[in-house]
Amino acid sequence: MVDKQRIIPLIVATALFMENMDSTVIATSLPAIAADIGTSPLTLKLAITSYLLSLAVFIPASGWTADRFGARMVFAIAVGVFMIGSVGCALSGSVTDFVFARVLQGMGGAMMTPVGRLVLLRSVDKSALVNAMAWVTVPALIGPVIGPPLGGFITTYASWHWIFLINIPIGLLGIFMALRFIDPIKSETQEKFDLYGMMLAGIGLAGIAFGLSVAGLNLLPWSTVAALVAGGAISMTLYVIHARRTGSPVLDFSLLRLPTLRAAIIGGFLFRLGIGALPFLLPLLMQIGFGLSPFHSGLVTFASSLGAMGMKTLAARLIRAFGFRNLMTVNAIVSAFFLGVCALFTVTTPLLIIMVILVVGGFFRSLEFTAINTVAYADVESPQMSRATTLVSVNQQLAVSAGVAVGAACVETTMWFSHVSELNATVFAPAFVVVALTSAASSWFFWQMPADAGHEISGRKAIEVASRKGAAKSAANAAVKAATEDTQDMRDQRLG
């Protein structure tokens, strides 16, 4: 059991790292790929958006699929589908082939993230969940940061094909380890698949996520983007009406009655929205504003990953010491502060100071992500766990897409007010302030959680029980001492 509680988080983390890195590594390699297959980089941006579209469409089906066929099997197959899509990308000779391969990757990625978390929740004891989530959180932070410089390095010194081929050995190892160490656990109750709900939720999420994602790419006019988001919102509204009438919805919003999950969903959305804009804004500031190369810009922004790595050994202790509610409330504001400090970066700011701020900020951001991802499942019963992981994964996907859209909108709005036609270092500061304030607003929702939220997971309940026992013992000793003193006084009076 001890070995599995260490190995299973690493298996899930490796798969999530592969997905998170691959979704961003392609950004810096688009020109080379476009030139090789005979198209323009603008056209090839369809590869990025098609991946996000596929991801949004298939995530709602992940929970039911895991319950029906077993989380271990679905996780292993999802990694395999992602690998096949990666091979297809490397062998593509046209835009059509490349986009189709990216859609296949999105199908695999849509199952890997929520099902990977489900595997973790069903395989790891609750007392070890904080440490396990700390390992799983790191890939989500490192992937988007290390992706662009790694993509530039591989494209420059090798070939863009290796961007996708490096997934093969990682994926094969992940499948072997999953089948070797993860138990084949299935849900005891088999529910009917909600096909109509899946269609409504898929269309709604695809419209919203796709629209928000392309908003930051300048791929479509704003009127089309607004139509996509509005259409997605209408479809999601119809889904909410439908979900109230069915007993097995693909997205179960009734789980929001749980205070810890509600805080993780709403507060987590606001926090991720702000932090999700960082991998979009910071590289642009470094490259366009400060004139750094993509590779050197990646090395600077990689500093936040070092802070994230340093967090994983302290997360459990900090959460145990302060509790989920207190830590998440304060740490959300601290994390937002370090995000807002990025607005003060100028061309003359020493890179060492920038890296120190990113390292410290990365520590607090990673700590908050670990707490959010863990407390979300504190009050969820085992039969509802697959629905909860699906809901959390959808929320994360929308938050990251919204973060990019908000960051891009702030930059363009600043350019419009400043009457500037080209990007420069001065137009990024308001965007950092806006996304930092958005992240800080999440602290209010975290404070609404019960004072003892997640105590069974954090271990803080045991500390409080021990403290109460210690206080009771001290009080008893004091009472005995006082009674003894009273007895002695009475005896002295009689003898006096």
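Predicted model: local features only at pLDDT ≥ 70, side-chain atom pairs only at ≥ 80, totals over all residues.
Two rings of Phe, Tyr or Trp (its six-membered ring) count as an aromatic pair if their centres lie within 6.5 Å, and planes over 60 degrees apart make the pair edge-to-face.

**Aromatic pairs**

A pair of aromatic rings is described by the distance of the centres and the angle of the planes. Two of the pairs are set out below.

| Pair | Distance of centres | Angle of planes | Arrangement |
|---|---|---|---|
| F98 and F164 | 5.8 Å | 80° | edge-to-face |
| W444 and F445 | 5.2 Å | 90° | edge-to-face |

The angle of 80° between the planes of F98 and F164 is over 60 degrees, so this pair is classed as edge-to-face. The pair joins distant parts of the chain, since F98 belongs to helix α7 (residues 95–123) and F164 to helix α9 (residues 162–165), 66 residues apart. Both F98 and F164 are buried.

For W444 and F445, the planes stand at 90°, so this pair is edge-to-face. W444 has a relative accessible area of 53% and is therefore exposed, whereas F445, at 26%, is partly exposed.

Aromatic residues also gather in a group: F337, F338, F363 and F364 form one aromatic cluster.

**Charges over rings**

Arginine side chains are placed over aromatic rings as well. The charged end of R68 sits over the ring of F69, at 5.1 Å from the ring centre. The charged end of R325 sits over the ring of W447, and here the distance to the centre is 3.9 Å.

**Leucine 120 in helix α7**

Helix α7 also contains L120. The relative accessibility of L120 is 0%, so this residue counts as buried. Leaving aside residues up to four places away in sequence, L120 touches I8, P9, A132, M133 and V136. One of these, M133, lies 13 residues from L120 along the chain, and the C-alpha atoms of the two are 8.4 Å apart.

**Helix α12**

Helix α12 spans residues 222–243, 22 residues in total, and reaches 31 Å from its first C-alpha to its last, close to the 32 Å expected at 1.5 Å a residue. Which residues of α12 are buried? They are V225, G232, S235, M236, Y239, H242 and A243. These residues cover an arc of only 110° around the axis, so they lie on the same side of α12. An α-helix has 3.6 residues a turn, so residues three or four places apart point the same way. On the face of α12 turned away from the buried side are the exposed residues S223 and I234.

Definitions and conventions:
Residues numbered from 1 in each chain as written. Heavy atoms only, no water. Helix = DSSP H or I, 4+ residues; strand = E, 2+ residues; numbered from the N terminus. Expected span 1.5 Å × (residues − 1). Buried < 20%, exposed > 50% of the residue type's maximum accessible area, 1.4 Å probe, protein only. Arc of directions from axis to C-beta. Phe/Tyr/Trp six-rings, centres within 6.5 Å; stacked < 30°, edge-to-face > 60°. Lys NZ or Arg CZ within 6 Å of the ring centre and 35° of its normal. Contact = heavy atoms within 4.5 Å.
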